[in-house]
Amino acid sequence: MTISFFIIAAITIVGTAAAMSLKNLVHCVLSLTLGLVGLALLFLLLGAQFVGFTQILVYVGAVAILAVFAIMMTRSAEPMTNLPPASFRLSGVLIAATVFAVLAWAISSATRSLPSQSSQPEVSVNQIGVALMHQFVLPLEVIGVLLTAALVGAAILAMDETGASR
Amino acid sequence: MSPLSGYLLLSALLFSIGLAGALTRRNAILVLIGIELMLNAANLNFIAFWRYGPNPAALTGVMFTIFSISVAAAEAAVGLSIILAVYRHSKSINLDAMNSMKG
Amino acid sequence: MPEIIDQIFVLLKHWLMGYVPSLLKPVVSAILSVVPVLLAFPLLFAITTVLERKGLGRMQNRYGPNRVGPFGFLQPMADGIKSLTKEDIIPRTADHLVHLLAPVVIVIASFLVYAVLPIGRNMVIANLNAGVLFFFAVGSMVELSVFMAGWSSRSKYSLLGAMRAIAQMISYEIPLVLASIVVIMAAGSLSTVTIVNLQATYTGIFPHWYVFTPWGLTGFIIFMIAATAESNRCPFDLPEGESEIIAGYYIEYSGFKFALFFLGEYLGMFATSAMAITLFLGGWAAPFSFLTWIPSYVWFFAKLLALICAFIWIRGTLPRLRMDQLMNFAWKFMLPLSLINIFAAGVWHYMPAGASRWLVVTLVIAVACVLLSRGLRRNQWFHVRTYRFAS
Amino acid sequence: MLGQGILKGLAETARNFFGSYINKDRLTTVQFPEERLPQIEATRDFPFLVYDGTDWDQGMRCVSCQICEKECPPKCIYIVKSADKKPDATGKPQFYPARFDIDISVCMSCQICVEVCPFDAIKMDVDFELSTTDRFGGLLLNKQQLAKSNEYYNKIHPTEAAAVDAALADERAKADAKLRQAAEAKAAAAAAPPTPPAEKTVVQ
Amino acid sequence: MNWIVRNLWLVPVLPVLAAGISALAKRKSRVLAASLAIGSMSLSFLLSVWAFAHVLALRNSGQPSLQVFNFRWFQFGNEWLSLGWMLDPLTAVMLVMVTFVGLLIFIYSVGYMEHDDNFMRFFCFLALFAGAMLGVIISNNLLLLFMCWEIVGLTSYLLIGFWFSNPKAAAAGKKAFIVTRIGDVLFFLGIVWLYAQSGTLLFYDNGAGFLEHSAISHLLTQTTTTGICVATGIALLIFCGAVGKSGQFPLHVWLPDAMEGPTPVSALIHAATMVAAGVFLVARVYPLMSAHTGLADVITTSTALQAVTWVGSFTALFGAVIAVAQYDIKRILAYSTVSQLGYMMMGLGVGGVSVGMFHLITHAFFKSLLFLGAGSVIHGCSGEQDIRKMGGLGKLMPVTFVTYAIGMLALCGFPLFFSGFWSKDEILHAAHTWNISQAPFYMGAFAALLTAFYMSRQVFYVFAGTSRLAEEHHDHAHAADTSSHHGSGSPHESPAVMTVPLMILSAFALLLGFLGTPAWPWFQSFLEDAPVSVNFGAFLTGGMLPVMLSSSVIVLLGLTLGWWFFGRKPIESADAPDNFGKLSPSIFTALGNALYFDAIYGATFVKLTTLLSRISDWLDRWVWNGAVQTVTYTVLGFAHLDNFLDTNVVNSGFDEGCDTVSRSGKLLSMLQAGRIQGYLKIVAGALVVFTIFLLWKAKI
């Protein structure tokens, strides 16, 4: 529980909350980026350097850009005028709040049994690479196949149905 | 309060924010983003448990997160292209407009 | 004595740190590391602008700037003063906050990547375990700022420019990263410091730079082409193609913000060049063992300047590509070639040292190159143009 | 082979680069303020008013007929006709412009005023270094600023000016002959012929 | 470790590389494809000979001739998957056989496929097949073997359906693929079971492989719930794969249809190599097959081997019977192959690896010789395959005739000079001394008689008498001109590129048998790592001589019968009924249709289903319907009575009930709103409920 944790947590929460509540979709994505960068910083704080940088590379560099492209291509960059009814929004927020309350209850009731302070684990990228190539090589292959399939599938889905000439 | 429970609370909060977004917004892209947020909250849990867990040398949490990030990337790509296809079909990505599966 | 000159900045910092109370040590240490970088590279930017303009002028048989100061070398000062004093115009419909943030983000992102670049022996801001990954991760944030600039201006030119820029940057980021993977494979590390240290050894008088292997050379060339595209420079300057969309995504910027974009772009170019040096050209290492008495940072900046000159040369030579040519080149030539290059690097590792592996790896790459370029040529993406009137 | 053309292009630019240092003839740039290209005769930008003789006010050819003002497409000429008449260079009493302004920030250099002027009083100048610090006053030229001598006109457009002068001289000679005839007729009547003053201007 | 052992992988990889290159090469070049395939095959052949020599040298120096090279492929969890290859006498012999026969057939194909448009594709597939087959042979791992096995199946499918524009060929390809798939699925189940039980799929791994003593004895101690020994179960499942691939009864149906493919394919894949892969598989896992719980020195036969024997001997007889009544020159050979494969299985079952393998090797040579000869005949007759329309070719195609005759005599097992005699005789001898039953021996002997009979029938039909092709062509002169490659319909001798392989193969068909005579059983001892010496006394011991004599008599009898029926007087016309068939036309027709096996397979399930539906139809129509009718009319009376009450009393109540049901239905359907966010809400609610439930439970 350091100062930096609270600052980064605040950045993350503000970013994500803004991403979920702003009217303009582009603003949403931009503040989501802020939130995800905050999350990456949390990973760094936890000592997971590789994961943190991967998070930035994948989410900021790819997913956010992809979302932006989707927004541009679906012409939904203008602020939304027809909001869903207040009851609908209220019910959603209530359910989410309930989920949070229950989770918080669970965490707080378990807090005694959680492990407390331990030393920062020293993990180098080299170890991660070795683990990926040996112990986790099968999942790695599977993920590779999955990504390829997703790439092909996304390309086919997004391809113009009539545009056979391409 | 131990540091781990702080991270857990934060991840629960992120999860709930994502869930709230997915439940309240009508734009399909935003719903997808909300789901991505929920995935990320889970990732934070993995990393936190790895960091404070009994056996950080096993790297299981890190591995899980790496795979989860890749899966999330694939999911985002496919999801957004589905949204594009839907948009091309119905000229709208409003979830209200997509109710042809109504019972 | 050469050692002292080589390490003079490091020693200076240690000497200064001696006077700092221990509480402030981390902060002061960080400032002492960061400030020189923050000063050196904008200075290099100033030098580069005038060099570029003079060089381009000479390539077109002109003088280039020669009025301000001796040989026009104070031109960047004049430019800087001009842009600082110009009126800052914001379009009425623009998204003010995002419009303001975009140049800030690009400059921050561009400066951040210098954290992992070793500019001399023991001269690196942060020796990160995953340095190369950090470089690419932070570098990818530039795309976001480009989008912010293009979208927030509410101008169709800027939006088109931004979309072009993002498409191009994403496409070329893949060969960029794949080209650097061969080095990571060879070095077995993602740390830039380790990578340079591995290259700073010599056999006889010759260094172990990765560019002196078939896969390294191929990787270097791929990396440089992709870097050219990443920094939106000629011949990949479609996002700012003056004749089509004026200045692309920063068309609606003026005054200081415009200068920031300019600075950000050039810093990005320096950073990728510096990364290319770090990965392939031995970083701060001297090219021959008998030249090691020259300080390491001199070598680094000499190499950086050489690469910048190469950029300028290419800019002065090549015309702009068409969008489809650009994309085809990225996906149908660069991507497969960099994948094959990775394969070739793998073969290199598992073959015994000697002439045979040189032969095999060179053959693999050459065959791939020829086949892929034939593929490019077959569909006439690049073809000899015939002019009806001009000739 | 892929890249052949690129290499050729690189070689070409390299040749230019080094060649421009070795061979000064390659550099086509003229370093402007220090050295200038000789102006060609047909150069023209903004109109000016021609005067004969030495006194600009006295010798102004303009008779304030205001045709140019009417014809000017961007309406950048402003003329106030004098109430009285005074003798022009030939000594003939004429109206003169009490005020003749041209706003050259509006002028589009179309040369229509020159075409329509029946007195060859307005001609095109070649001076292009006109920058001022005052955007509104500095580029609004008054009669005095516009007046340039016929010698100047002859200097900047020699051929054209010679033709104009010849035509004017011709005309004046005709007028003189007429006058002379009239004078002779008068002298014949009065036997006191006056000296023709026009010859002064013709002989340069 | 020797270089050749370390680099044995080159043998299969070279043809695969050739296939890959010719598949990727853009230019359609016949020379490139053929030279790549033949070149890679020759290199593989040379390497195989080297490997063979290496094994020989090891054997002569008294070292163990089994050498393996294993490596780790990848890790999953904490398990490593190891692959590897091995070199032992069995591998060496098979390598030399496959590469040599393959090489000859490749060369032959250059001539045979000369006029085909898809020449390149053909050689690409052929090379891929050769590579995969060699992979099967060298692999030291059941999984690697299975992978190559499947590639072999794939190429077989591709090559059978090579002329896929012909619907029959396409259907035959599909049939081959699907029928062998049945066997392969069971084989795969066996692999999985084996892995679960022994934890390794390596054959030999310095004592840790599953064919080695510790694993086998471990497998023998396990029993399944049904009481079968695990080893037996696995062996039977693996044998199922062999049944599918080797066309054993009841999965033999695909093999005759496979003759729709080009003839070199039939020779290489469906006679010499691929179908032998099943036999090879059984030989490879022989230690597992023969494992039995009894004491080591008591001669007993394991259940698995008994199954192998019975299936093999039945197939041998069965194939021979059907072959008697076929008219298609390649189909006769196909059924003969089925029969001979049965012999091999029987040999494995009754006599062990060396007996079965010896017949495999000799059969590979003479059967590919026969197929290539048949191909030469077909090529010469411009694509005609019906033996009734041939005849008199002996004079027109002398080389083909002579070589074909050699192959035929070898197949029949003509005494003393032909390889088939020695190998078949050994099987019969082994069957004669089998301790379980004498039936396989008699079945085999009868099959031998039939073999001699149908082969002589074929030869007389094709080569003797006068040509019946001409009249056929005279009638359809125009059609012949367009369909024929050469534009002339008259039979002619094939080019040298086709006849030279025939001559080489016939030389081997003659000579190969002398490597395994009882007097000098070099081949058998080579496989079994035993010393060998010349011992003419072996003819006299163990009942060898009577068996030899009787089989000679049988063969001669068969040949004589063939001559009696078909050679005595020449067949006049293509439409004349079969001389043998005249004895019992109905049985002959049944045989001609392969005992209606296809029809049976097709019809049993259909028939069964039809019958079931008929029964239910009948029940429906008469029993239920009658009952219902009766009830209906009864009820109808009441109904009229009730009608009055109904409309006034019940109806309103019923309407109310209906309304309630439909209203509740509507309410329920609101849940199914088609809005994903609604579903998501329910999921989130469920999450809350479950978490609370778990926490509450934990508290208690």
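**Chain A and its partners**

I began with the contact between chains A and C, where 17 residues of chain A meet 21 residues of chain C. I noted that α2, α3 and α5 of chain A each give two or more residues to that side. The largest share, eleven residues, comes from α3(A). Sorting the chain A side by class, I got twelve nonpolar, five polar and no charged residues. A reminder to myself: this is a predicted model.

Next I turned to chain B, and found 67 residues of chain A in contact with 59 residues of chain B. On the chain A side, α1 (3-21), α2 (25-45), α3 (49-73), α4 (86-110), α5 (125-133) and α6 (137-158) each supply at least two residues. I sorted this side by class as well: 52 nonpolar, 14 polar and one charged.

**Chain A by itself**

I listed six helices and zero strands in chain A, which reads α-α-α-α-α-α along the sequence. Of its 166 residues, 39% count as buried. I also checked sequence separation: among contacts in chain A with a separation of 6 or more, 52% join residues 24 or more positions apart.

**The nonpolar cores**

Which residues touch the most other members of the largest nonpolar core? I found E:Met133, E:Val279 and E:Val282, in a core of 213 residues. Helix α4 (residues 89-112) of chain E gives the most to this core, with 17 residues.

Leaving out residues up to four places away in sequence, E:Val279 touches E:Ala242, E:Ser246, E:Leu341, E:Met344, E:Met345, E:Leu348, E:Gly356 and E:Leu360. I then noted a second, separate core of 198 residues, which includes A:Ile56, B:Leu10, B:Ile47 and C:Ala109.

**A helix pair in chain E**

I looked at how helix α14 (residues 303-323) of chain E packs on helix α15 (residues 329-351) of chain E: the angle is about 155° and the axes are 7 Å apart. Since that angle is over 145 degrees, α14(E) is roughly antiparallel to α15(E). I recorded the crossing of α14(E) and α15(E) as left-handed. Their contact has 17 nonpolar, ten polar and no charged residues.

**C:Gln168**

I found C:Gln168 in helix α8 (residues 156-187) of chain C. Is C:Gln168 buried or exposed? I have it as buried, because 24 other C-beta atoms lie within 10 Å and 20 or more are enough. Leaving out residues up to four places away in sequence, C:Gln168 touches C:Ala229, C:Phe236, C:Leu238, C:Pro239 and C:Leu326. I checked one of these pairs: C:Gln168 and C:Ala229 are 61 residues apart in sequence, yet 7.1 Å apart in space, C-alpha to C-alpha.

**Two positive phi angles**

Most residues other than glycine have a negative phi, so I wrote down two exceptions. C:Phe71 has a positive phi of about 55°, and it is found in the loop between α3 (25-59) and α4 (75-85) of chain C. With 14 C-beta neighbours inside 10 Å, C:Phe71 counts as partly exposed.

C:Asn232 also has a positive phi of about 55°. I placed C:Asn232 in the loop between α10 (214-230) and α11 (242-245) of chain C. C:Asn232 is buried, with 24 other C-beta atoms within 10 Å.

How values were computed:
Residues are numbered from 1 along each chain as its sequence is written. Chains are lettered from A and ligands numbered from 1 in the order in which they are written. This is a predicted model: local features need pLDDT of at least 70, side-chain atom pairs count only at pLDDT 80 or more; totals for chains, interfaces and linings use all residues. Two residues are in contact if their C-beta atoms, placed from the backbone, lie within 7 Å. Helices (H or I, at least four residues) and strands (E, at least two) are DSSP runs, numbered from the N terminus. Ala, Val, Leu, Ile, Met, Phe, Trp, Tyr, Cys and Pro count as nonpolar, Asp, Glu, Lys and Arg as charged, and the others, Gly among them, as polar. Axes are lines fitted to C-alpha atoms, for helices over the stretch in contact, and angles run from 0 to 180 degrees between N-to-C directions. Angles under 35 degrees count as roughly parallel, over 145 as roughly antiparallel, 65 to 115 as roughly perpendicular and the rest as oblique. A crossing is left-handed if the near helix is turned anticlockwise from the far one by less than a right angle, and right-handed if clockwise. A residue is buried if 20 or more other C-beta atoms lie within 10 Å of its own, exposed if 12 or fewer, and partly exposed in between; C-beta atoms are placed from the backbone. A nonpolar core is a set of buried Ala, Val, Leu, Ile, Met, Phe, Trp, Tyr and Cys residues joined through C-beta atoms within 7 Å.
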